[in-house]
Amino acid sequence: MKRVTIRVPATTANLGPGFDAFGCALSLYTDVTFEETDSGLEITGCDEAYTGPDNLAYTAYCAVLGTLSEEVRGVKIHIDAHIPICRGLGSSAALLVAGAMGANVLRGNKLSTQGLLNITNAMEGHPDTGSPHTSVRIIITRITSADSPQNRIPSTDARANGTTENPVIPSNE
């Protein structure tokens, strides 16, 4: 079966005057491993209260598969969370981003970074918390329509490389 580990950084948002717009990734991470199985759902590494189908990583995983019109078969998810819960560091958004990225990688990266952000930002409700998870940098976001968050200010490194797209880089560490 296919397996991938996604590393997602903590974030901080609402920086200065940028309420619901400015966000920054931090060097504190959660790693989520997804392994496809024939059937069933198994979630480990977190409190038992979060091991059911309402787990945020799993709901985002399913949302991506739904967007791709692909069947959700079975998956084992292991969460190695180092981002504290309920402390304003984006732990919920990190799980959503990990779930979306995990499903996308396992299905051959069919969705763009923007497609993944559209899904996770709709689930999270705040692009300033979800968008910085896709790469370690400061980001400024804006909503151009009800369901299309746009990332407009890439990092200096991205500008130097001539790209404005946030890289989706799964970690197999």
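## T33, a buried threonine

T33 counts as buried because its relative accessibility is 12%, where buried means under 20% relative accessible area, exposed over 50% and partly exposed in between (1.4 Å probe, protein chains only). This is a predicted model, in which local features need pLDDT of at least 70, side-chain atom pairs count only at pLDDT 80 or more, and totals for chains, interfaces and linings use all residues. Residues are numbered from 1 along each chain as its sequence is written, and side-chain values use heavy atoms, with hydrogens and water left out.

T33 belongs to strand β2 (residues 22–37); strands are DSSP runs of E with at least two residues, helices are runs of H or I with at least four, and both are numbered from the N terminus. Beyond its neighbours within four places in sequence, T33 is in contact (heavy atoms within 4.5 Å) with R3, V4, T5, K76, I77 and H78.

## Strands β3 and β4

K76, one of those contacts of T33, is also the bridge partner of E42 in β4. Strands β3 (residues 41–44) and β4 (residues 74–81) run parallel and are joined by four bridges; pairing requires at least two DSSP bridges between two strands. From β3 the chain passes through helix α1 (residues 56–67) to β4 in a left-handed β-α-β crossover. For comparison, a crossover is right-handed if, with the strands pointing away from the viewer, the path from the first strand over the helix to the second runs clockwise.

## Cysteines

And the cysteines? C46 is partly exposed because its relative accessibility is 26%, and C62 is partly exposed at 21% relative accessible area. The structure holds zero disulfides, a disulfide being a pair of cysteine sulfur atoms within 2.5 Å.
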